Amino acid sequence: MSHNFSKTSGSSKRLKNLQICQPFIYGNIAVPLGENRGPDVPIDHTHSWTVFLRGLNGEDLSSFIKRVVFKLHDTYANSTRSIEEPPFEVTETGWGEFEISIRVYFVPEASEKNVVMYHHLKLHPYGPKAEQEKAEGASVTSLQYDEFVFNEPTEAIFEVLTQNPGAALPRQKSARVPFSIQSENEELDRLSAAVNIVNENIMKQTERIKQLEAEKGTVN
Ligand code: SLL
């Protein structure tokens with residue numbers, strides 16, 4: 001999902017027929033607390049976690065982002081956390097997973113409306129190695145890739161974004177940056193393979209229904 005900004009009225013001139021794309025990542029990392037919990041950590045808290053929004057290579061993106069508001073579960077005191085300075089992140093301890101809304105406000109020169117993303121806070125290992133990772137007390141990372149798309153940007157924000165170009169989506173996979181054109185293509189391949197399996201199953205079931213109806217016809 002990309003965020004296409006709608007135009008808002010503003011005196012700053014916009015550059016027609018132009019689009020700037022700014023990749024970013026958001027998500028969380030969580031660590032089981034185990035024995036090394038601080039004295040102030042409530043007894044029922046099991047994990048320490050950080051939810052964040054940043055550039056692909058860890059850049060802080062404050063050249064065009066003014067503020068990020070993280071809305072936590074209501075069980076947290078002051079559940080709306082407004083982060084006005086980079087790094088745009090919140091660190092907490094807790095016991096449960098929940099959905100966090102992440103609202104991004106752009107610098108005024110951009111004349112763009114704010115945008116919101118939703119991230120499901122992950123504390124527990126998931127996927128094929130979940131059991132092993134749980135036993136090892138491994139940290140959990142849940143990351144999403146997305147892009148801000150500035151349609152017909154103001155001259156001011158065009159300048160900011162071209163002077164400090166953020167990291168682009170790399171072509172090849174690497175351990176350092178988990179998202180790339182290669183991994184995007186692999187994901188597309190997995191999706192079309194899954195669609196093929198679903199279609200095959202639909203065809204098989206349709207055949208089966210036809211067969212059963214034919215049999216029913218001969219019995220009656
Ligand atoms: C669940 N629906 O039941 C979720 C809610 C809420 C997690 C999870 C707060 C800690 C505190 C905390 O971890 N909330 O400050 O008491 O799993």
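Strand β4, residues 65-71, pairs with β5 in the antiparallel sense. The two strands share 4 bridges. Across this pairing, F70 stands opposite R81 in β5. The model is predicted. The briefing below goes from the sheet to the other strand pairings, then to the aromatic rings, the backbone and the ligand.

**The open sheet**

- β4 and β5 belong to an open sheet of 4 strands.
- The strand order is β5-β4-β7-β8, with antiparallel pairing.
- β5, residues 80-83, is an edge strand. So is β8, residues 115-120. Each of these edge strands pairs on one side only.
- From one strand to the next, the twist averages 20°.
- In a regular strand, side chains alternate between the two faces of the sheet.

**Pairings of β2**

- Strand β2 covers residues 19-32 and is joined to β9 by 12 bridges. The two strands run antiparallel.
- A30 has V140 in β9 as its bridge partner.
- β2 also pairs with β3, again in the antiparallel sense, over 8 bridges.
- In that pairing, I25 stands opposite R54 in β3.

**Aromatic pairs**

- The whole structure holds 11 aromatic pairs.
- One of them is formed by F106 and F150, and it is edge-to-face because the planes stand at 80°. The ring centres of F106 and F150 are 5.7 Å apart.
- The F106 and F150 pair links distant parts of the chain, 44 residues apart.
- F106 sits in strand β7, residues 99-106, while F150 sits in strand β9, residues 140-151.
- In general, a pair of aromatic rings is described by the distance of the centres and the angle of the planes.

**Backbone details**

- P86 and P87 are joined by a cis peptide bond. Its omega is about 0°.
- P87 is placed in the loop between β5 and β6, the latter being residues 88-94.
- L61 is not a glycine, yet its phi is positive, at about 65°.
- L61 lies in the loop between β3, residues 47-54, and β4.

**Ligand site**

- The residues surrounding the ligand are H45, H73, T75, Y76, G94, W95, G96, E97 and F98.
- This shell divides into 3 nonpolar residues, 5 polar residues and 1 charged residue.
- T75 places a polar side-chain atom 2.9 Å from a nitrogen atom of the ligand.
- Y76 has a polar side-chain atom 3.3 Å from an oxygen atom of the ligand.
- For H45, a polar side-chain atom lies 3.5 Å from an oxygen atom of the ligand.
- Taken alone, the ligand exposes 460 Å². The protein buries 68% of that area.

Definitions and conventions:
Residues numbered from 1 in each chain as written. Predicted model: local features only at pLDDT ≥ 70, side-chain atom pairs only at ≥ 80, totals over all residues. Heavy atoms only, no water. Near = heavy atom within 4 Å. Polar contact = N/O pair within 3.5 Å; in protein donor to acceptor, adjacent residues only side chain to side chain. Areas by Shrake-Rupley, 256 points an atom, 1.4 Å probe, with all protein chains shown as cover. Nonpolar A, V, L, I, M, F, W, Y, C, P; charged D, E, K, R; others polar. Pairing = 2+ DSSP bridges. Axes fitted to C-alpha atoms, helices over the stretch in contact; angles between N-to-C directions. Phe/Tyr/Trp six-rings, centres within 6.5 Å; stacked < 30°, edge-to-face > 60°.
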